[in-house]
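Welcome, and thanks for taking a look at this one with us. Please open the sequence and the model side by side, and we will walk through them topic by topic.

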Amino acid sequence: MVYSTLISAADLRPHLGEADWAVVDCRFALNEPERGRREYLAAHIPGAVYAHLTEDLSAPVVPGRTGRHPLPDVDQFAQVLSGWGIDARVQVVAYDDSGGSMAAARLWWMLHWLGHEAAAVLDGGWAAWRAAGYPEARGPEQRAPRTFTPQVHPELVLSSAEVAARLHDPRTRLLDVRAAARYRGEQEPIDPVAGHIPGATSAPYEDSLDAAGHFRAPEELRARFQGLLGPAPPEGAVAYCGSGVTAAHTLLALAHAGLGPGRLYAGSWSEWITDPARPIATGEE
């Protein structure tokens, strides 16, 4: 059985130690970039390797041109995946400590972008694993290297120019997954400019989770996204956030709802605002 969106802690546990299963710990904190690595070394799911958001899952920032977490070069990232012992035969399970909303969903999306369908996020993340009382390990771990061969799906990514060209396209629905106050421009704790891309719909990623931090049932997610998309078809969904990370969480929810992969504006808000000629909106739409 291939897991391509979510997997429960109970379904993951029997596969620990299997050569064709790779667990990747993606814990990361924007305000303390080394905290995730420290916490991984202190305790993690046995066999898990560690993925650092800025070192492994992003390219270096180019000031004034890119967002805060640009996508890495495909060939370089393929080498990273190969070093983690991932090839076409491997089922990948990513997790973090934020309900998959930080780097776990980012890794999930990147693997699907590169044609690797056997990639899932641990539903409920590290908290669900610990709550179940399952085993933990300490210290760094590594897997025997394999060769990852990317099969890129370029249609899953939109550039700033492509987003700008679709601002008035009724078949496209931009989903701004940041907090509603950031969407409205009432507060902006990270980026130097507040507001949102004109025409975007406010769709906070947290609304895809229940109170326990697990993803809502597929039928609930389907109803949510059908309401957000309105007349636009599911394939017209384009998610963005501050830097292209939490937007992947919404695309994961969309896929789990059975509504397809959607597309990612990878540069997101932090890239959009690098060009003062790009329009900005505030308030509700």
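Is T172 buried or exposed? T172 is buried, because its relative accessible area is 11%, and the cut-off for buried is under 20%. Keep in mind that this is a predicted model.

**The chain as a whole**

- The protein chain holds eleven helices and ten strands.
- Its radius of gyration is 18 Å, close to the 19 Å that the globule rule gives for 285 residues, so the chain is as compact as a globular protein of that length.
- Of the 285 residues in the protein chain, 55% are buried.
- Among contacts between residues at least 6 apart in sequence, 77% join residues at least 24 apart.

**The nonpolar cores**

- In soluble globular proteins, nonpolar side chains tend to be buried together.
- The largest nonpolar core has 58 residues, and the members that touch the most others are L57, L81, W84, L107 and W109.
- At least two residues of this core come from each of strand 2, helix 4 (74–83), strand 4, helix 5 (103–113), strand 5 (119–122), helix 9, strand 9 and helix 10.
- Helix 5 gives the most to this core, with nine residues.
- Another core, of 18 residues, lies apart from it and includes Y3, Y40, Y50 and Y95.
- Setting aside residues up to four places away in sequence, L57 touches A51, H52, P70, P72, F77, W84, A103, R106, L107 and M110.

**Helix 5**

- How many of the residues of helix 5 are buried? Eleven of its eleven residues are, and helix 5 is mostly covered.
- The buried residues of helix 5 include the tryptophans W108, W109 and W113, along with R106 and H112.
- After helix 5 comes G115, whose phi is positive, near 85°.

**Helix 9**

- At 1.5 Å a residue, the twelve residues of helix 9 (residues 218–229) should span 16 Å, and this agrees with the 16 Å between its end C-alpha atoms.
- L221, R224, F225, L228 and L229 are the buried residues of helix 9.
- An α-helix has 3.6 residues a turn, so residues three or four places apart point the same way.
- E219, A223 and G227 are exposed on the other side of helix 9.
- What do the buried residues of helix 9 pack against? Their partners are strand 7 (173–176), strand 8 (201–202), strand 9 (237–240) and helix 10 (246–256).
- Just after helix 9, G230 has a positive phi of about 60°.

- Five of the five residues of strand 2 are buried, so strand 2 is largely enclosed by the rest of the structure.
- In a regular strand the side chains alternate between the two faces of the sheet.
- Both faces of strand 2 are covered, with W21, V23 and D25 buried on one side and A22 and V24 buried on the other.
- Strand 2 pairs with strand 4 (residues 91–95) in the parallel sense over five bridges, and D25 stands opposite Y95 there.
- The pairing of strand 2 with strand 3 (residues 49–50) is also parallel, over two bridges, and Y50 is the bridge partner of D25 in strand 3.

**Two loop residues**

- P33 lies in the loop between strand 2 (21–25) and helix 2 (35–42).
- With a relative accessible area of 38%, P33 is partly exposed.
- Leaving out residues up to four places away in sequence, P33 touches F28 and H52.
- P33 and T54 are 21 residues apart along the chain, and their C-alpha atoms are separated by 8.3 Å.
- T172, where we began, is in the loop between helix 7 (160–165) and strand 7.
- Which residues does T172 contact, leaving aside its neighbours within four places in sequence? They are R166, A232, G236 and V238.

Methods:
Residues numbered from 1 in each chain as written. Predicted model: local features only at pLDDT ≥ 70, side-chain atom pairs only at ≥ 80, totals over all residues. Heavy atoms only, no water. Helix = DSSP H or I, 4+ residues; strand = E, 2+ residues; numbered from the N terminus. Expected span 1.5 Å × (residues − 1). Buried < 20%, exposed > 50% of the residue type's maximum accessible area, 1.4 Å probe, protein only. Contact = heavy atoms within 4.5 Å. Pairing = 2+ DSSP bridges. Core = buried A, V, L, I, M, F, W, Y, C linked by side-chain atoms within 4.5 Å. Rg over C-alpha atoms; globule rule 2.2 N^0.38 Å.
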